[in-house]
Amino acid sequence: MTWCPWPRSRAADGDAFHRRGEGAPVLLLHGVGLRAESWGAQIDHLARTCAVYALDLPGHGDSAPLARSDPRLADFTDRVARVLEAAIRAPALIAGHSMGALIALDLAIRYPDRCRAVAALNAVYRRSHEAREAVLERAAALGRGDAQDLAAAPVARWFGSDPGDPARDAARACREWLLGADRDGYAAAYRVFAASDGPADAHLAGLSMPTLFLTGSEDANSTPAMSRHMATLVPSGRAVTVAGAGHMTQMTHPREVNAALDGLLERARSGAPDPAGTGPGET
């Protein structure tokens, strides 16, 4: 797949998004340092039946940064909520990857009337002490060091040192996006991501909409155990583990991710409970 830039529309706060297709609205939220194009395979697929909005997070891509230099997760969420209100104007399926998953879940918790269903891809939840220290160190390192090194390290974590096809093209695209990212916007978002440890259990238990937690079997930082545990807390939660996938699941394993999103859309359309009928499921 090619990962070329797409045209953008712009919301009132300076948030840029790519819109394609007609039908039920779907909002896609990327991870730290990336941009809307990371959802390329999902946009191509979902736009056949849905109105897809792929957003550049504040301070990323073509979107304006947040006003404050020390933002909280809620600041990102509030900006996205205003895009939902002004540009989409209807409850949407919200799908987020990595930090985008944290925002998607926070939207569902704090703005439930705007969320028809939620997909949290490669989401973190209760990191181990070692993992938390490592991500905090990476956040601190963004304020120093060479841009080439700062791009190379996450790409190596996400794809390995010598990715094969089709991951090679995805790795190259991510490296280019990281190199082109606004340094301040990237660093501010990463500090928020590093400080976040997933929603409170009581908030997850209060979610009423169909919710999907998906990650890769090889993702060491957003592990299958994290997704499974969150799914057990959500009344209509479902966990999916994609075999052989790492952190950039939607880019390296689009067929599996698209199928899981199709299933979530069908659950949202039908209003049906979890497919098993008795609670959270896993595949």
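**Pockets and a helix**

Guide: This is a predicted model, and in it the lining of the largest pocket comprises, by class, 12 nonpolar, 10 polar and 5 charged residues.

Visitor: Which residues lie nearest the centre of the largest pocket?
Guide: Of the 27 residues that line the largest pocket, Arg157, Trp158, Asp219, Asn221 and His247 lie nearest its centre. The elements giving two or more residues to this lining are α4 (129-141), α5 (147-159) and α7 (183-195).

Visitor: And how much space lies in the largest pocket?
Guide: About 400 Å³ of space lies in the largest pocket, while the second largest pocket has a volume of about 200 Å³.

Visitor: What lines the second largest pocket?
Guide: The second largest pocket has 17 lining residues, with Arg68, Ser69, Asp184, Gly185 and Ala188 nearest its centre. The largest share of that lining, 6 residues, comes from α7, and by class the lining has 8 nonpolar, 4 polar and 5 charged residues.

Visitor: Switching to α4, which of its residues are buried?
Guide: The buried residues of α4 are Val135, Ala139 and Ala141. They cover an arc of only 165 degrees around the axis, which puts them on the same side of α4.

Visitor: What does the face of α4 turned away from its buried side carry?
Guide: That face of α4 carries the exposed residues His129 and Glu130.

Visitor: How far apart are the end C-alpha atoms of α4?
Guide: They are 18 Å apart, which agrees with the 18 Å that the 13 residues of α4 should span at 1.5 Å a residue.

Note on methods:
Residues are numbered from 1 along each chain as its sequence is written. This is a predicted model: local features need pLDDT of at least 70, side-chain atom pairs count only at pLDDT 80 or more; totals for chains, interfaces and linings use all residues. Side-chain values use heavy atoms; hydrogens and water are left out. On a 1 Å grid over the protein atoms alone, a cavity is a set of points where a 1.4 Å probe fits but cannot get out, and a pocket is an open set with protein on both sides within 12 Å along at least five of seven lines; lining residues have an atom within 4 Å of a point. Grid points are joined across faces, edges and corners, and a volume is the space filled by probe spheres set on the points. Helices (H or I, at least four residues) and strands (E, at least two) are DSSP runs, numbered from the N terminus. Ala, Val, Leu, Ile, Met, Phe, Trp, Tyr, Cys and Pro count as nonpolar, Asp, Glu, Lys and Arg as charged, and the others, Gly among them, as polar. The expected span of a helix is 1.5 Å times one less than its number of residues. Buried means under 20% relative accessible area, exposed over 50%, partly exposed in between (1.4 Å probe, protein chains only). The arc is that of the directions from the helix axis to the C-beta atoms.
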